[in-house]
Amino acid sequence: MAKSLYDKIWQAHVVDQLGDDSLIYIDRHLIHEVTSPQAFSGLNEKGRKVRRPEKTFATMDHSISTRSLAIDACGPENQLQLQTLANNCKEHGIELFPVGHQKQGIVHVIGPELGLILPGMTVVCGDSHTATHGAFGALAFGIGTSQVEHVFATQTLKQSKAKSMLINVDGKLPVGITAKDIILAIIGKIGHAGATGYVIEYAGEAIRNLSMEERMTICNMSIEAGAKAGFIAPDDTTFEYIKGREYAPSGESWEKAIAYWKTLHSDDGAQFDMVVELAAQDITPQITWGTNPGQVTGVTNTVPAPEDFSDPIDRESAIKALAYMDLKPGTKLTDISVNNVFIGSCTNSRIEDLRAAAVIAKKGKVAKGVTAIVVPGSVTVKKQAEDENLHQIFIDAGFEWRLPGCSMCLGMNDDILKAGDRCASTSNRNFEGRQGRGARTHLVSPAMAAAAAITGHFTDVRDL
Ligand SMILES: CC(C)[C@H](C(=O)O)[C@@H](O)C(=O)O
Ligand code: SF4
């Protein structure tokens, strides 16, 4: 029978059948300071050890400052959390990339960068954006703290198989349109809960033509459509990216690995529970106007009115979102001013994102009254950007150039917006209060964020 990629990875990892659930083997476990402390405590209380510490890697990302390498820069609570991670990793023999380490960065940026993520793997992390790693044709998903403990103790997880969704993005992407616009357009089409209960396979010509970094941007936001996971079948682009990375296989194991990875695709005739089609040529630069990532539209449009939504729940949610965002229906998106710009997060802080933003930053200076920060996703990205002199472009244009971390993606550190601030952000969530209580977030691509920074309002990058 024809199998989907999901079927193949799933079947290769089932250790045991537990009624309707399966016990699946976990190949890679990533951890950070926020969701690991309780899991370690649970383990310690029961006198257990981490079963396969060499399969687990840790980084510090959420609770750190992007202005200082001092571990106490964000106050005593964050310091305690970070110190607890360091102590736990030491005690359990887990490799940690702490603040200041050459391999430190946002968990979903460093995993792929180090070659820790390979096609066909099962990858988990106590973090909802773990699907990022699906870009490699891995089954990657976020887990809760009690599951983190389970993986620590057993290197397995009890799971039930999700439904499968195929999202085809066909045709060629127009000039000026990015991976961020594709994924926002997808979520706009299916809704922020449209993929609840599903794993998504992204396919089609436009997806195939994406680089690995762009594929990561797509997979990263799978959870924002409600999906459990999202992935893309591996191909030569994938193999090329992985080759030579620090933890990737080499020599004879590389050849063996490639032979296996080439089998990792959905067979012709594989069945999906749902199929969604998008035409790449119809996608325009996207901007969210509301408080979930599905409340999004093209830059040439106006803010919608609640009456535009036939579904009563969508209408209600639009009324609430417009009130929080302080937006009037009919306003042109390009007439909305911002006073903050954040370029960073596990969605858009890789080198290609920074290059795209720098191209626009070169065209002007950060507008009066706008604070704009650029936060590379990892120490490696930061170094590469500095080698390419991108940091100088940003600094000359009036952007702040920061240290790697989650930063303003969420208010867990010292990069927090004030009530009433309006931010063009390359992150993945525009929830109420996400970047600070009362602050308003608009999700956009790196190029669109840079364009908003230099013009002071949303601007179609294609016009610059
Ligand atoms: C802190 C962490 C648990 C959280 C997540 O799970 O996603 C964070 O990374 C986020 O993006 O909101
Ligand atoms: S960058 Fe944002 S979305 Fe990504 S892991 Fe950090 S807080 Fe979560």
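**Notebook: sheets, helix contacts and ligand shell**

Entry 1. I looked up the pairing of Met-165 and found it opposite Ile-200 in β10. I note at the start that this is a predicted model. I then looked up the strands themselves: β9 covers residues 163–170, β10 covers residues 198–203, and six bridges join the two. I recorded their direction as parallel.

Entry 2. In which order do the strands of the four-stranded sheet stand? I read the order as β11-β10-β9-β12, in an open sheet with parallel pairing. At the edges I found β11 (229–231) and β12 (274–279), each with a single partner strand, so one side of each has no neighbour in the sheet. For the twist I noted an average of 20 degrees from one strand to the next.

Entry 3. I checked what lies across this part of the model and found helix α6, residues 179–190, across β9 and β12. I noted that α6 runs at about 125 degrees to β12.

Entry 4. I went on to the sheet of five strands, which is open and has parallel pairing. I wrote down its order as β17-β16-β15-β18-β19. Which strands are at the edges? I found β17 (400–401) and β19 (440–443) there, each pairing on one side only. Within the sheet I looked up β15 (residues 340–343) and β16 (residues 371–374), and counted four bridges between these parallel strands. One facing pair I noted is Ile-343 with Val-374 in β16.

Entry 5. I turned to helix α12, residues 351–361, and its approach to helix α15, residues 446–455. The axes come within 8 Å and cross at roughly 30 degrees. I class α12 as roughly parallel to α15, because the angle is under 35 degrees. I recorded the crossing of α12 and α15 as right-handed. On the α12 side I listed Asp-353, Ala-356, Ala-357, Ile-360 and Ala-361. On the α15 side these meet Pro-446, Ala-447, Ala-449, Ala-450, Ala-451 and Ile-454. By class I noted ten nonpolar residues, no polar ones and one charged in the contact of α12 with α15.

Entry 6. I looked up a second contact of α12, with helix α14 (residues 390–397). Here the axes come within 9 Å and cross at roughly 40 degrees. The two helices, α12 and α14, are therefore oblique to each other. Is the crossing of α12 and α14 left-handed or right-handed? I have it down as left-handed. From α12 the contact takes Leu-354, Arg-355, Ala-358 and Ala-361, and from α14 it takes Leu-390, Ile-393, Phe-394 and Ala-397. I noted seven nonpolar residues, no polar ones and one charged for α12 with α14. Ala-361 is listed in the contact with α15 and also in the contact with α14.

Entry 7. I then looked up helix α2 (residues 37–45) against helix α5 (residues 145–154). I found their axes 8 Å apart, with a packing angle of about 50 degrees. That makes α2 oblique to α5. I recorded a right-handed crossing for α2 and α5. The α2 residues are Gln-38, Ala-39, Gly-42 and Leu-43; they meet Thr-145, Val-148, Glu-149, Phe-152 and Ala-153 in α5. By class I noted five nonpolar, three polar and one charged residues in the contact of α2 with α5.

Entry 8. Which residues are around ligand 1? I listed Val-34, Thr-35, His-62, Asp-127, Ser-128, His-129, Gly-142 and Leu-410. I sorted the shell around ligand 1 by class and got two nonpolar, five polar and one charged.

Terms used. Residues numbered from 1 in each chain as written. Chains lettered and ligands numbered in written order. Predicted model: local features only at pLDDT ≥ 70, side-chain atom pairs only at ≥ 80, totals over all residues. Near = placed C-beta within 6 Å. Nonpolar A, V, L, I, M, F, W, Y, C, P; charged D, E, K, R; others polar. Axes fitted to C-alpha atoms, helices over the stretch in contact; angles between N-to-C directions. Parallel < 35°, antiparallel > 145°, perpendicular 65-115°, else oblique. Left-handed = near helix turned anticlockwise from the far one by under 90°. Contact = placed C-beta atoms within 7 Å. Pairing = 2+ DSSP bridges.
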